[in-house]
There are 2 protein chains.
Amino acid sequence: MKKSTIKDVAREANVSIATVSRILNNTGKGYSDKTKQHVMQTIEQMGYFPNAIARSLINNESGTIGVLFPAVSGMVSAEMLHGIEAAAQVYGKSVFVCNTLSDPDKTKHYLQLLYEKQVEGVIFASGRLTRNFQKIVKQMNVPFVTLSGISDLKNIPEIKVDDLKATYDATNYLIKHGHTKLAMVSGPPHDLIAGTPRMEGFKQALTDANLPCKSSQISWSSAFYFEDGKHAFRSIMKSHPEVTAIVAASDEMAAGVISEANAQGIRVPEDVSVIGYDNTKLATMTVPSLTTVSQEFDVMGYRASELLCQCIMGEDTDSIIMEHKIIERESVKKTKARGVV
Amino acid sequence: MKKSTIKDVAREANVSIATVSRILNNTGKGYSDKTKQHVMQTIEQMGYFPNAIARSLINNESGTIGVLFPAVSGMVSAEMLHGIEAAAQVYGKSVFVCNTLSDPDKTKHYLQLLYEKQVEGVIFASGRLTRNFQKIVKQMNVPFVTLSGISDLKNIPEIKVDDLKATYDATNYLIKHGHTKLAMVSGPPHDLIAGTPRMEGFKQALTDANLPCKSSQISWSSAFYFEDGKHAFRSIMKSHPEVTAIVAASDEMAAGVISEANAQGIRVPEDVSVIGYDNTKLATMTVPSLTTVSQEFDVMGYRASELLCQCIMGEDTDSIIMEHKIIERESVKKTKARGVV
């Protein structure tokens, strides 16, 4: 079964190919309203002519938005996507997801593809929109928003949590509950999204509380995964065995800390407290469950998608800094609160 | 900045709209090779005319495949997608992912959209391709494969693990290590993919070992999540407090069993052993880490994607039953092996 072409439509509708072209291009000249209606009906009836292409040739509206995710934790992407889908549905848009694996070439390739598929807008999630992508972004000429990411390009609205402030608050939460010997298991310091700002937040909170703040109190890894947390905690325990509380830059890292502590016979939270970051489902699954910084990924996804759809409709929009909060569970010992030292 | 249309191309190339149409439709008549080359160059140079549309009108090849995921655990989807992307890259295809949330209307909508976007094939993951979708699947007229799913439609290759056999082996593993009082925390019995077959595998293994097998030994939930595992284990402990080993229908459920056991002061694996299903990253993160049935989701994704690309190229293909294996970690007590009863 062959797909129908403009030629088939012309034959079926008994008009010239040029007429079908004019109608699809909405030139407004060279055909009557009646002919247009007849041709569009023919296209619909034939079924095999792609409606999206006809529609997009007519009014440049594909009804789809594109989402680019890097190789982030599946849990984060899944929660964001849930919110993105929900808002897109409200605005009558469908969502195409592309997985960039944080590879710039793959990212560029997918942007090109989304351009060719005439998406009406793009959510760039959990990554950095560098000048490297300037040309294709300009060429696409559709709205972009970043979600938990950053943009080196101008006029791209951002939806994110203030990572520095959030980690400051997480560290402060531990200090408030009587901990004075703290360390951090962190992502890479060159990561401007989730590395640098979280390390800065940790350091500022210690400094503001007049607590020691040496670089050796931060053990960083090349990523934010479970194994990274295990290794980083092992190295912290060698250099700073006095530590009673750990700030982790992700829930997965915090789960790694709990697992490694368990392997070393260190009790959580009795001997060492741990606070996570993200509030993914994993935070409820660890034993003890994780006290963590909540980024409401589904809400953030929803807001990003909503913002994008508003941009598409030509509304004025602005970046949104989302609220964060500390979700209290079982992984932090409240020394002062319990009156124990 | 307006997007270019066929009209703009015609003007720029100094040919008629009909000529551009003929060339895009590859009619082979009404234009010279030189004119065709000139028009295609013009299209390329203008940049704003969607190449994908031109290309797809020319040869019906969009260079993309579609993947439909339901609302499965983010971890499973992420691992499958990794493999799907890798194989697609080998075959020069890009991947569009659609999230159906297991909603038939949304699924149909996304199939329609993938059709309109002229994907060359579809991977239908972790769901059931019912007769409900027969019309659109037929209309799309491109290869489909199911991945960890089932198809009520004929001639759709499947890539999956033999769930009944895998659960039989998991149950047998517990029996082999000295457990005689077993129970199962299961997904819904009406789920023909991961519900029914896993329950059957559990029952057959008990029966073959001449062990008691009452329906009350299976506590099922409406899904396969962490909370489902917690609730199901709580109910098992009420009706069968004698149980020493639990077969869980997913790693998330197994993590729920561990968490609930911990809350009740039941030690894993000293008092109760647990075996999971999936071997997601979560299985390494629990304390104790999970002994589980490995489905290699990334390999399965790779094979599904490879199979689909082969179908697209017109090669003969067949369903693939993937190997499963038991990954031994720390959550099962080996009673016989240790000589302890």
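**Ground rules**

I am working on a predicted model, where local features need pLDDT of at least 70, side-chain atom pairs count only at pLDDT 80 or more, and totals for chains, interfaces and linings use all residues. I number residues from 1 along each chain as its sequence is written, with chains lettered from A and ligands numbered from 1 in the order in which they are written, and side-chain values use heavy atoms, with hydrogens and water left out.

**Entry: cavities**

I searched the whole structure and found four cavities of 30 Å³ or more. For this search a cavity is a set of points, on a 1 Å grid over the protein atoms alone, where a 1.4 Å probe fits but cannot get out; lining residues have an atom within 4 Å of a point. Grid points are joined across faces, edges and corners, and the volume is the space filled by probe spheres set on the points.

I looked at the second largest cavity, which holds about 70 Å³ of space. Its lining comes from chain A with Ala255(A), Ile258(A), Ser259(A), Met285(A), Thr286(A) and Val287(A), and from chain B with Ala255(B), Ile258(B), Ser259(B), Met285(B), Thr286(B) and Val287(B). The elements giving two or more residues to this lining are helix H11 (251-263) of chain A and helix H11 (251-263) of chain B. I take helices (H or I, at least four residues) and strands (E, at least two) as DSSP runs, numbered from the N terminus. Sorted by class, the lining has eight nonpolar and four polar residues, and no charged ones.

**Entry: the sheet in chain B**

I traced an open sheet of six strands with mixed pairing, in the order S9-S8-S10-S11-S12-S14 (chain B). At its edges are strand S9 (218-220) and strand S14 (325-327) of chain B, each pairing on one side only. From one strand to the next the twist averages 20°. Two strands pair here if DSSP finds at least two bridges between them.

In chain B, strand S8 (residues 182-186) and strand S10 (residues 245-248) run parallel and are joined by four bridges. Across this pair, Met184(B) is opposite Val247(B) in S10(B). S10(B) also pairs with S11(B), in the parallel sense, over three bridges. There Ile246(B) has Val274(B) in S11(B) as its bridge partner.

Is strand S11 (residues 273-278) of chain B mostly covered or mostly open? I found it mostly covered, with six of its six residues buried. Buried means under 20% relative accessible area, exposed over 50%, and partly exposed in between (1.4 Å probe, protein chains only).

I also checked helix H10 (residues 226-239) of chain B, which lies across S8, S9 and S10 of chain B and runs at about 150° to S8(B). Axes are lines fitted to C-alpha atoms, for helices over the stretch in contact, and angles run from 0 to 180 degrees between N-to-C directions.

**Entry: S10 in chain A**

In chain A, strand S8 (residues 182-186) pairs with S10(A) in the parallel sense over four bridges, and Met184(A) has Val247(A) as its bridge partner. S10(A) runs parallel to strand S11 (residues 273-278) of chain A, joined by three bridges, with Ile246(A) opposite Val274(A). From strand S10 (residues 245-248) of chain A, Ala245(A) and Val247(A) point one way and Ile246(A) and Ala248(A) the other, and all are buried.

**Entry: Ile321(B)**

I found Ile321(B) in strand S13 (residues 320-322) of chain B. Ile321(B) counts as exposed because its relative accessibility is 53%. Ile159(B) is 162 residues away in sequence, yet 5.9 Å away in space, C-alpha to C-alpha. Leaving aside neighbours within four places in sequence, Ile321(B) is in contact (heavy atoms within 4.5 Å) with Lys160(B) and Asp162(B).

I noted a cis peptide bond between Val287(A) and Pro288(A), with omega about -5°. Pro288(A) is in the loop between helix H12 (282-285) and strand S12 (291-294) of chain A. Another cis peptide bond joins Val268(B) and Pro269(B), with omega about 5°; Pro269(B) lies in the loop between H11 and S11 of chain B.

Ser126(B), a residue other than glycine, has a positive phi near 55°. Ser126(B) counts as buried, at 17% relative accessibility.

Methods:
On a 1 Å grid over the protein atoms alone, a cavity is a set of points where a 1.4 Å probe fits but cannot get out, and a pocket is an open set with protein on both sides within 12 Å along at least five of seven lines; lining residues have an atom within 4 Å of a point. Ala, Val, Leu, Ile, Met, Phe, Trp, Tyr, Cys and Pro count as nonpolar, Asp, Glu, Lys and Arg as charged, and the others, Gly among them, as polar.
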